[in-house]
Amino acid sequence: QLVLDTLDKLGTIHDTRTLVLPGHSDPAASHDSQIIILGALNSLASREMITYTTQETISHVLTPEGAHIALQGSHEARVWAALPAKGETKPLTPKQLEERVGSETAKIGQGRAFKNKWIAKEGDGLVKAVPSIQDTTQLEMREVDSTGTLKTGEKALAELRKRKLIVQRKGQWFTVKKGPTFSTSIAKPETDLTIDMLATGSWKTSTYKKYNFEAEGLPTNGGAFHPLLKVREEIRNIFLEMGFAEMPTSAYVESGFWCFDALFVPQQHPAREVQDTFYLSDPATSLPPPAEYYERVSRVHEHGGYGSTGYRAPWSDAESRKLLLRTHTTASSASMLWKLAARCRGEGADTSADARAAHPGSVPDGAQDDGFRPAKLFSIDRVFRNETMDATHLAEFHQVEGVVADRNLTLADLIGFMRVFFKKMGIENLRFKPAYNPYTEPSLEIFAFHPQLRKWVEVGNSGMFRPEMLEPMGFPKDVHVHGWGISLERPTMIRYGINNIRTLVGHKVSLEGVEKSPAVRF
Ligand code: PHE
């Protein structure tokens, strides 16, 4: 306000050191005052109310010793003041003087006082030589303190610098002129243009805050991978280094046909009931599955075939066509296997010598090329189950799944394979327990010894896919497929020491925890 009022009166402020700040009696010559003024100038300049130019100066400030002299007087003056006048009382001995004014002042002050002829010797003692003195050093200190310089000029300043009573300091002062939006009152500038301002036309008269293109802005947080993604990446790397290819698994919505029927899961199986599976209401039914294959699948369910008696229960098209959220990624594996078998069904199979040479060993020596090529496939993606949620169960989670198709694979291949796979995950102690899956025979549950819990925990489920599943797809009889599935959440929780799945997934997840969670190495 002082700057604006002065500009209003004078038109220009040539030297801001002439301003008298509110609450002060002297002009604002000091360094500190100019700093305060600079703050005001910047704020007014950003509103374009003023413009200013900066002038550099060299000024002087007091050292701690200089400040002491400004307050208490110079050493020589203090020595003079402590001494008696000539003939008044007994002269002071140097020792007595030291006791009065301190040894430093006594030492430095005596020399100068003698030089100034302020004091004289009398016998062994010291007395005043003049009735009054003028303490120039103190006056100079006071002048430098308030003006930053001395009227007497550079020679005197140099002398004080040598005595280490003052030091030079770079200073600034400013010349100020009116800016384009000059006014004597500071209106709060607008920071945004609003619809209201456009409608009323007030935008024309408003003042605006200038953009500060130099501002650094708020620091932004980088993205962070969720622990599940980190573990997924590690498991994916294990699959890739073992020569597996990743299956496309973007279809969360599948039909009953691919999720269950193709896998030889009976249509009356409890897993297919609404208590276990989420069904879609809109759309509720899928497009028709591939006709020929559908025909073979429904036949093996209802009447058997391929050496099987089937389930001998009535087949329902409606059950097969129901749309649902896939309950396992084996739905994707089934459709990938069906595609893999296309070559064996004679659909677009390249049985040339070149094609065989690209997959050495895929056709037994001396045998006719039936189009089959071995495959190792994996997926890591989301599945959905109508579960009651608790500390270890969610209605959606992730499955890690591997499928290997080759001629004459055995259960020993599956077990051997899993030992290698789990070893790469850091799990060496495995046990296998006979289990049941509608689509595998034999089936094995995989248990690992948990070193912290000191007990065997189930880590996965596996098996050899049934002929009732593989043969309707068109695979030759000697092609065997084994597969296994594990959850992604369980190894993640073990790795990160998480007990409650709800701190891993959902609204209770701590973002800070996600940001700070370290990378996993198996
Ligand atoms: N689909 C099985 C599950 O959800 C896992 C599995 C995959 C089992 C492949 C055997 C073969 O638990």
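# Close-ups of a predicted model

**View 1. A cis proline sits in a loop.** Pro283 lies in the loop that runs between helix 11 (256-259) and helix 12 (291-302). This is a predicted model, and here it has a cis peptide bond between Asp282 and Pro283, with omega at about 0°. As background, most peptide bonds are trans.

View 2. Now look at Pro442, which has its place in strand 12. The bond that joins Glu441 to Pro442 is a cis peptide bond, and its omega is about -5°.

**View 3. Glu48 has a positive phi.** Glu48 is in the loop between helix 2 (31-46) and strand 2. Its phi is near 60°, which is a positive value in a residue other than glycine. For context, most residues other than glycine have a negative phi.

View 4. Strand 2 and strand 5 (residues 166-178) run antiparallel, and 13 bridges join them. To find your place along this pair, look for Ile58, which stands opposite Lys170 in strand 5.

**View 5. Helix 4 meets helix 6.** Helix 4 (residues 75-82) packs against helix 6 (residues 103-115) at an angle of about 90°, and the two axes are 7 Å apart. Helix 4 and helix 6 are therefore roughly perpendicular to each other. On the helix 4 side, the residues that meet helix 6 are His75, Glu76, Arg78, Val79 and Trp80. On the helix 6 side, they are Thr105, Ala106, Ile108, Gly109, Gln110, Arg112 and Ala113. Sort this contact by class and you get 5 nonpolar, 4 polar and 3 charged residues.

**View 6. Helix 4 also meets helix 5.** The axes of helix 4 and helix 5 (residues 94-101) come within 10 Å and cross at roughly 115°. The crossing of helix 4 past helix 5 is right-handed. Helix 4 brings Arg78, Val79 and Ala82 to the contact, while helix 5 brings Leu97, Arg100 and Val101. By class, that gives 4 nonpolar, no polar and 2 charged residues.

**View 7. Helix 5 and helix 6 complete the set of pairs.** The axes of helix 5 and helix 6 come within 7 Å, crossing at roughly 120°. That angle makes helix 5 oblique to helix 6. Helix 5 passes helix 6 in a right-handed crossing. Leu97, Glu98 and Val101 from helix 5 meet Ser103, Thr105, Ala106 and Gly109 from helix 6. The class count for this contact is 3 nonpolar, 3 polar and 1 charged residues.

View 8. Strand 12 (residues 440-450) and strand 13 (residues 455-465) run antiparallel and are joined by 9 bridges. They form a hairpin with 4 residues between them, and Arg454 in the turn has a positive phi of about 50°.

**View 9. Residues around the ligand.** Which residues surround the ligand? They are His328, Thr330, Glu401, Asn437, Thr440, Asn461, Ser462, Gly463, Gly483, Trp484 and Gly485. Strand 13 and strand 14 each supply at least two residues of this shell. By class, the shell around the ligand has 1 nonpolar, 9 polar and 1 charged residues.

Key:
Residues numbered from 1 in each chain as written. Predicted model: local features only at pLDDT ≥ 70, side-chain atom pairs only at ≥ 80, totals over all residues. Axes fitted to C-alpha atoms, helices over the stretch in contact; angles between N-to-C directions. Parallel < 35°, antiparallel > 145°, perpendicular 65-115°, else oblique. Contact = placed C-beta atoms within 7 Å. Nonpolar A, V, L, I, M, F, W, Y, C, P; charged D, E, K, R; others polar. Left-handed = near helix turned anticlockwise from the far one by under 90°. Pairing = 2+ DSSP bridges. Near = placed C-beta within 6 Å.
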